[in-house]
Amino acid sequence: MTLWFLNGIKKGIKTEKNPDESMFKPDYPSVLEGKSSYDCPTGAISNGTWIKEKCIFCGRCDLRPTGNQNIYNIHGKMPEIFKRSFYLYPIDSGTCGACNAELKSIFSPQYDANRFNIFEAETPRHADALVIMGVYTNGMEKIIEEAYNAMPDPKIVIAMGACTLSGGIIGSGINKKFNVEIAGCPPTPYSIISAILRYRGD
Ligand code: SF4
Ligand code: SF4
């Protein structure tokens with residue numbers, strides 16, 4: 001314990017910086033280079049345009065970052081009551097595990113989502129937002145509905161990852177509009193935190 005403490009003092013602060021736009025400009029791809037035809041496994045390229053919700057970032061194509069778009073969609077504004085504390089309840093509807101790991105890591109000392117008043121709820125009864133990840137298997141439909149119904153009002157839904165948004169490589173996704181939609185496979189911790197902060201209006 002003492003060694004750990006001394007190491008902490010010696011190495012200094014390791015928490016990542018605040019993901020504000022001046023420091024972390026979006027660098028997601030949106031421009032195709034080259035003239036070859038792209039054999040995109042998820043149909044994420046249509047008429048030369050990149051559809052972020054479908055992309056699994058396999059790297060097979062010639063997409064290049066432009067910095068002119070975000071990796072998430074925001075619909076509406078966060079209810080005022082969530083601004084002091086915002087509790088997320090993750091629900092796995094058929095993931096590969098990577099979305100879960102990235103979401104979990106936002107609460108690690110490295111990303112420290114707690115400093116933005118973002119917390120993880122242990123039960124949907126204490127949650128403000130349901131975070132759905134995975135391909136939305138039939139067996140999970142009722143469970144997701146029950147979790148949503150158990151949450152107190154007001155409540156919102158965050159859809160995370162290509163699987164949830166479009167089905168990714170194997171599924172068909174949930175054909176609905178969510179309060180916050182975070183594309184990526186998996187979305188990075190910065191993308192997740194940044195999307196929530198933008199939704200909050202920070
Ligand atoms: S990186 Fe995305 S857009 Fe490119 S081929 Fe893979 S899935 Fe399709
Ligand atoms: S979006 Fe990608 S990382 Fe997330 S569960 Fe699906 S395959 Fe895994």
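## The sheet

Six strands make up an open sheet, ordered β5-β10-β9-β8-β6-β7, with mixed pairing. At its edges lie β5 (72-74) and β7 (118-120), each pairing on one side only. Neighbouring strands of the sheet are turned by 20° against each other on average, direction ignored. The model described here is predicted.

Strands β6 (residues 86-92) and β8 (residues 129-133) run parallel, joined by five bridges. In one of these strands, β8, M133 is the bridge partner of D92. Helix α5 (residues 189-200) packs on the sheet. The helix touches β5, β6, β7 and β10, and its direction makes about 160° with that of β10.

## Around ligand 1

Ligand 1 is surrounded by 15 residues. The closest are C40, A44, C55, C58 and C61. By class, this shell holds twelve nonpolar residues, two polar and one charged.

## Around ligand 2

Ligand 2 has 13 residues around it, the closest being C96, C99, G161, C163 and C185.

## Residue I174

I174 sits in the loop between α4 (162-166) and β10 (180-182). I174 counts as buried because 21 other C-beta atoms lie within 10 Å, and the cut-off for buried is 20 or more.

Beyond its neighbours within four places in sequence, I174 is in contact with Y136, A159 and T164. I132 is 42 residues from I174 in sequence, while their C-alpha atoms are 9.9 Å apart in space.

Methods
Residues are numbered from 1 along each chain as its sequence is written. Chains are lettered from A and ligands numbered from 1 in the order in which they are written. This is a predicted model: local features need pLDDT of at least 70, side-chain atom pairs count only at pLDDT 80 or more; totals for chains, interfaces and linings use all residues. A residue is near a molecule or strand if its C-beta atom, placed from the backbone, lies within 6 Å of it. Ala, Val, Leu, Ile, Met, Phe, Trp, Tyr, Cys and Pro count as nonpolar, Asp, Glu, Lys and Arg as charged, and the others, Gly among them, as polar. Helices (H or I, at least four residues) and strands (E, at least two) are DSSP runs, numbered from the N terminus. A residue is buried if 20 or more other C-beta atoms lie within 10 Å of its own, exposed if 12 or fewer, and partly exposed in between; C-beta atoms are placed from the backbone. Two residues are in contact if their C-beta atoms, placed from the backbone, lie within 7 Å. Two strands pair if DSSP finds at least two bridges between them. Axes are lines fitted to C-alpha atoms, for helices over the stretch in contact, and angles run from 0 to 180 degrees between N-to-C directions.
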